[in-house]
Amino acid sequence: MLVFLLRLVTKGQDMTDSVADISHMILQKLLENPKVPRDISEDSRIVEDLAFDSLAVMNFVMEIEDMLDVSVPLDKLADIRTIKDLASCLHTIKAEQA
Amino acid sequence: MSAGIFDKYATLKGNYDSLMAASPRNPFGVVIERPLSATVGIIEGRETLLFGTNNYLGLSQSTAARDAAIHTAKTMGVGTTGSRIANGTFGLHQQLEKALTSVFRKKHAMVFSTGYQANLGTISALVNKDDILFLDADSHASIYDGARLSGAQVIRFRHNDPADLEKRVARTAKTTGARLIIAEGIYSMTGNIAPLKEFVEVKKRHNIPLMIDEAHSFGVLGEHGRGVAEMQGCEDDIDFIVGTFSKSLGTVGGYCVTDHDEIDLMRLCSRPYMFTASLPPEIIAATLAALEEIQNRPDLRQKLQDNAARLHQGFKSVGLNTSNFVSPVIAVTLEDIPQAITFWNALLDAGVYVNLSLPPATPDNRPLLRCSVMAAHSAAEIDRAVETFGTIAKELKLV
């Protein structure tokens with residue numbers, strides 16, 4: 001588990017230039033949760049396909065924020081539907097903070 | 001074809017229908033036909049012990065507050081019919097604001113028509129779309145709604161976690177807008193108490209104002225009942241304290257107290273303060289009387305603490321899962337919604353009323369049986385509640 005987390009953290013530091021890589025990181029993190037369907041992709045819708053309610057979305061985003069060392073203001077979440085949307089948002093914020 | 005106006009409620013309706021199919025009564029439709037005292041009310045025609053009213057000191061039934069309300073209604077009427085910035089400020093409103101400044105030892109006070117509006121009105125007056133708000137993840141809905149009304153960027157930090165707050169604050173060091181940190185004293189769902197002193201250290205390091213909602217802790221904690229900030233010795237470092245009259249004070253309304261002289265500017269841009277009728281005079285008079293009673297009767301706080309400890313210890317002794325904080329809000333955490341619905345109905349059938357709190361309104365997606373204890377509860381009433389909880393928990397094979 002520790003090795004896996006370290007790998008994710010390293011990825012988070014190295015791969016923030018690519019939306020696809022952030023999507024991959026999010027998918028890996030989601031798949032740690034056994035309740036999440038195994039066939040998810042970056043086009044999966046977070047609320048409809050993953051059955052996350054608003055609180056679950058906010059709590060999950062907090063975990064991803066820390067992996068990338070960014071903060072996503074709540075109003076940005078309103079426009080996010082898919083995992084790829086979330087990755088794009090994180091990518092943009094990371095670039096702005098750089 | 002455009003959508004029907006209620007089509008958006010399809011999921012809610014499905015969830016509500018499932019709940020109603022599983023529950024013999026509507027958990028959101030409990031009627032207290034009338035209170036007999038602070039601790040007993042008539043529900044479904046039966047005398048029922050009240051353990052879910054937030055009436056921490058029992059002052060909703062205060063003789064002094066009731067008499068003050070009666071006298072004021074007789075002499076001033078029952079309403080102001082106007083906004084605080086038009087015809088809705090009576091001498092009594094100013095008298096209550098002055099009393100609050102004296103109690104809290106702050107320079108200024110603003111009174112709102114509800115506690116909900118106090119948060120909406122204070123937050124939306126303090127920050128706007130160029131600013132950043134840091135909210136504890138478990139903040140009350142009124143704080144989240146105030147944040148939305150303000151238009152500020154909202155960043156959540158992990159519940160009661162000063163290190164997590166610090167990390168998120170540090171990420172915004174380059175911002176050009178203003179920043180504000182908001183936390184609560186006692187958290188309403190779980191009874192958890194905030195580490196305010198540690199939040200103060202963060203605010204000092206980053207030079208950011210700090211607002212605290214003491215809705216559930218005023219009149220309850222601290223040597224003089226001023227809340228968690230008083231208890232932890234950091235009142236002077238809190239920039240804005242918000243609270244309500246509808247818990248320990250037993251009436252309705254809300255307030256913000258502060259040393260910042262700009263409060264008169266806040267009155268001119270706080271929409272929840274301006275665009276609503278002010279509190280009726282009899283409510284102000286009752287609140288003033290209750291405020292005086294809180295000051296003059298420290299025994300109420302001591303009794304409340306004793307009762308909170310008795311209920312908390314009682315729940316622990318019968319094996320129920322509660323927070324480790326001993327506060328007048330004590331929540332029993334259950335694992336799933338059907339279990340919680342069955343437990344809650346059995347409690348009411350046995351004559352004990354508590355609040356049923358269901359996800360997503362609960363912090364960690366698990367249902368809660370939320371209890372609030374009062375100074376007015378007798379030891380026998382608390383013991384009966386504990387015994388009832390214990391019996392039902394055994395019947396349901398939860399302990």
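**One helix of chain B and its surroundings**

A: Helix 14 of chain B, residues 379-395, has 17 residues and reaches 24 Å from its first C-alpha to its last, close to the 24 Å expected at 1.5 Å a residue. That expected span is 1.5 Å times one less than the number of residues; helices (H or I, at least four residues) and strands (E, at least two) are DSSP runs, numbered from the N terminus. The model is predicted: local features need pLDDT of at least 70 and side-chain atom pairs count only at pLDDT 80 or more, whereas totals for chains, interfaces and linings use all residues. Residues are numbered from 1 along each chain as its sequence is written, while chains are lettered from A and ligands numbered from 1 in the order in which they are written.

Within helix 14 of chain B, the buried residues are B:E381, B:I382, B:A385, B:V386, B:T388, B:F389, B:I392 and B:A393. They lie on the same side of helix 14 of chain B because they cover an arc of only 160 degrees around the axis, the arc being that of the directions from the helix axis to the C-beta atoms. An α-helix has 3.6 residues a turn, so residues three or four places apart point the same way. On the other side of helix 14 of chain B, the residues B:A379, B:A380, B:K394 and B:E395 are exposed. Here a residue is buried if 20 or more other C-beta atoms lie within 10 Å of its own, exposed if 12 or fewer, and partly exposed in between, with C-beta atoms placed from the backbone.

The buried residues of helix 14 of chain B pack against strand 3 (46-50), helix 12 (298-317), helix 13 (337-349) and strand 12 (352-353) of chain B; a contact requires C-beta atoms, placed from the backbone, within 7 Å. After helix 14 of chain B comes B:K397, with a positive phi near 60 degrees.

Two of these packing partners, strand 3 and strand 12 of chain B, belong to an open sheet of 4 strands in the order 1-2-3-12, with mixed pairing. Strand 1 (32-35) and strand 12 of chain B stand at its edges, each with a single partner strand, so one side of each is left without a neighbour in the sheet. Strands pair if DSSP finds at least two bridges between them. Strand 2 (residues 40-43) and strand 3 of chain B are antiparallel and share 4 bridges, and B:T48 in strand 3 is the bridge partner of B:G41.

Another element of chain B is strand 14 (residues 368-372), in which 5 of 5 residues are buried. From this strand, B:L368, B:R370 and B:S372 point one way and B:L369 and B:C371 the other way. Strand 14 of chain B is joined by 5 bridges to strand 11 (residues 329-333), running antiparallel, and pairs over 3 bridges, also in the antiparallel sense, with strand 13 (residues 355-357). B:L369 stands opposite B:V332 and is the bridge partner of B:L356.

UniProt lists residues 48-388 of chain B, in an unreviewed entry, as "domain: Aminotransferase class I/classII large"; its positions follow the numbering used here, feature names are shortened, and annotations may be inferred rather than shown by experiment. This span is 42% helix and 16% strand, and its end C-alpha atoms lie 12 Å apart.

Key: Two residues are in contact if their C-beta atoms, placed from the backbone, lie within 7 Å.
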